[in-house]
Amino acid sequence: ISVITSVLIGMSFMDITEEPIEPTANITNSLIALQIGAYKEEASAKEIAEKHNAITVKGENYYYVYAAVLSDTSNIERMMNELDENNTYYYAKELKPNTLYQQELIKYEELMRKCTSDVAFLKLVEQSLKKYEVYNEN
């Protein structure tokens, strides 16, 4: 259902023409978090999150630190490259779909794909993480 909703929302932003249009995005069916840590203590997780412009997400037994939560493979690869360049260890983790967040994410990821500046790209990732926090408050 979330995939259908995402497609319908994406179609509402498309320009309808008679000629076929090549797709500009390679969206996965789920969300991928680039996790840079898992901590028992919330303070430790928050410290790492602040250092990396990341967020802390409370799990059952741990506080997870996410550097990004994305669905577009080109943006995921770009963020992985950013983390690699900074020698930041990460784990790509598949998350449960979240329709509300994914609807917001479509807008951010379109801007990310068009972005030529690494600084602007990282700022968009940071803003999208803030939206993820809002839609996933415990």
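The bend at a residue is the angle between axes fitted to the seven residues ending there and the seven starting there. By this criterion, helix α4 bends by about 30° at L105. The model is a predicted one.

The chain contains five helices and four strands. Along the sequence, these elements follow the order α-β-α-β-β-α-β-α-α. The chain has 138 residues, and buried residues make up 38% of them. Among contacts with a separation of 6 or more, 74% come from residues 24 or more positions apart.

Helix α4 covers residues 99-114. Its 16 residues should span 22 Å at 1.5 Å a residue, and the end C-alpha atoms are 23 Å apart, so the two values agree. The bend of about 30° falls at L105, and L105 is itself buried. Y101, Q102, E104, Y108, E109 and M112 of α4 are buried as well.

Helix α3 spans residues 73-85. The axes of α3 and α4 come within 9 Å. They cross at roughly 65°. The crossing is left-handed. On the α3 side, the contact is made by S74, N75 and R78. On the α4 side, E109, M112 and R113 take part. By class, this contact has one nonpolar, two polar and three charged residues.

The relative accessible area of N53 is 47%, so N53 is partly exposed; the class lies between the 20% and 50% cut-offs. N87 lies in the loop between α3 and β4, with β4 formed by residues 91-95. Its relative accessibility is 72%, and N87 therefore counts as exposed, the cut-off being over 50%.

A43 belongs to helix α2, which runs over residues 42-51. The relative accessible area of A43 is 61%, so this residue is exposed. A43 and Y63 are 20 residues apart in sequence. In space, their C-alpha atoms are 9.2 Å apart.

Technical notes. Residues are numbered from 1 along each chain as its sequence is written. This is a predicted model: local features need pLDDT of at least 70, side-chain atom pairs count only at pLDDT 80 or more; totals for chains, interfaces and linings use all residues. Side-chain values use heavy atoms; hydrogens and water are left out. Axes are lines fitted to C-alpha atoms, for helices over the stretch in contact, and angles run from 0 to 180 degrees between N-to-C directions. Helices (H or I, at least four residues) and strands (E, at least two) are DSSP runs, numbered from the N terminus. A crossing is left-handed if the near helix is turned anticlockwise from the far one by less than a right angle, and right-handed if clockwise. Contact means heavy atoms within 4.5 Å. Ala, Val, Leu, Ile, Met, Phe, Trp, Tyr, Cys and Pro count as nonpolar, Asp, Glu, Lys and Arg as charged, and the others, Gly among them, as polar. The expected span of a helix is 1.5 Å times one less than its number of residues. Buried means under 20% relative accessible area, exposed over 50%, partly exposed in between (1.4 Å probe, protein chains only).
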